[in-house]
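Subject: Structure for your review

Dear colleague,

Please find below the structure I promised to hand over. My findings follow it.

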Protein chains: 2
Amino acid sequence: MTNKGLLLVLSGPSGAGKGTVVKRLLQTDPRIRLSVSATTRAPRPGEADGREYRFLSRDRFLEMVRSGEMLEHAEYCGNCYGTPLRPILDWTSKGFDVVLEIEVQGGAQVKAKRPDAVGIFILPPSLAELERRLRSRGTEPDGTVRKRLAAARGEMERARGYDYLVVNDDVDSAVGRIRGIIAAEKNSSRRNAGLIERILSQT
Amino acid sequence: MTNKGLLLVLSGPSGAGKGTVVKRLLQTDPRIRLSVSATTRAPRPGEADGREYRFLSRDRFLEMVRSGEMLEHAEYCGNCYGTPLRPILDWTSKGFDVVLEIEVQGGAQVKAKRPDAVGIFILPPSLAELERRLRSRGTEPDGTVRKRLAAARGEMERARGYDYLVVNDDVDSAVGRIRGIIAAEKNSSRRNAGLIERILSQT
């Protein structure tokens, strides 16, 4: 089994419960780390640099993009968001698995640059359940829920290219399946090239 | 997650602990079945038809080969051995995973006919450990152990084409990894074609 950490790309529509799944995954396995995105937007009250985001100046952000230090990046509402490559390389080389929680366009950029990344798309059991979850957050007006449902549909329609589809019917089951995926990938032949030769050449 | 059972092809050299791993796997998961091979050799004392083997006449065996009812087959010491296809189709369609314990040539035949089969190759942690395990069986003369070691080398050299390599350093760990592989495969995108469309088309 390879002792190199995996890069896990986790995506899924709002309401699929991605955040809860990631949180539980990090709690159950100390060998998993969460990638912290970089952004040019200003910190909000209570946000700490390096925890919610790495807060960067626009100049520094663009410099990192130019020098290949961003694994993926996008502009949204006038602010830049991106995934710094260095921490991912550091953690995975030390054997930690790194989770990247990201929308599908970013996920596609990551897969294009790092074909060895493991793409996992989290799905709601049904659209009715997705709507129920979005409404149960309570405070949002009906129009916002409808917009979010449409956005969720869009995300799901663009989920081609992910290696695994995990239905989040129950958080513990979903986390168990993701842990199964991690174990399987680490034992895959393509991540263990040379293993048999190493065993055979031992004296 | 697909509710169709998987066909698991388990191979590995003598001394890798395949048998123990398979036994523990069957004990820990009631949704796994073991495929029973067919043979034309005579039953030995204590062997029951349908348990150790399905005992068939040579005519019946060859008829099954001709009609495509054998997933793979081979002749060994003048007797035919093979894997009947029908029980595998029955079990997997009912959602049971079926384990086929088989040597590498048979495994390659299965993979060629059923590319959706999951190939798992069980490895010893080292050749020294393999030798220790073969010797600890006790009763065998040195020449036999050397022949078995050479055969094990041969099996390992022909292990290309397996999807997963599982080192059996510890039976429970190895079984845990195989269960991870089963979970991962059932959540793979290629085994769940149409899942997203089904969720999106629900009303």
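The rotation axis used here comes from superposing the two copies by least squares on the C-alpha atoms of residues with pLDDT of at least 70 in both. Please note that this is a predicted model.

The relation between the chains may be described as follows. Chain B is superposed on chain A by a rotation of 180 degrees with 0.0 Å of shift along the axis, at an RMSD of 0.0 Å. That is the relation of a two-fold axis. Within chain B, the residue whose C-alpha comes closest to this axis is B:G180, at 1.8 Å. The same surface serves both copies, as 100% of the contact residues of chain B recur in chain A.

Turning to the interface, 29 residues of chain B are in contact with 29 residues of chain A. On the side of chain B that touches chain A, at least two residues each come from α5, α6, β9, α7 and α8 of chain B. The largest share, 6 residues, is supplied by α7(B). By class, this side has 18 nonpolar, 7 polar and 4 charged residues.

Beyond its neighbours within four places in sequence, B:L8 is in contact with residues including B:V99 and B:I120. In chain A, strands β8 and β9 pair in the parallel sense over 4 bridges, and A:I120 has A:Y164 as its bridge partner in β9(A). Both faces of β9(A) are covered: A:Y164 and A:V166 on one side, and A:L165 and A:V167 on the other, are all buried.

With kind regards

Key: Residues numbered from 1 in each chain as written. Chains lettered and ligands numbered in written order. Predicted model: local features only at pLDDT ≥ 70, side-chain atom pairs only at ≥ 80, totals over all residues. Buried ≥ 20, exposed ≤ 12 C-beta atoms within 10 Å, placed from the backbone. Pairing = 2+ DSSP bridges. Contact = placed C-beta atoms within 7 Å. Nonpolar A, V, L, I, M, F, W, Y, C, P; charged D, E, K, R; others polar.
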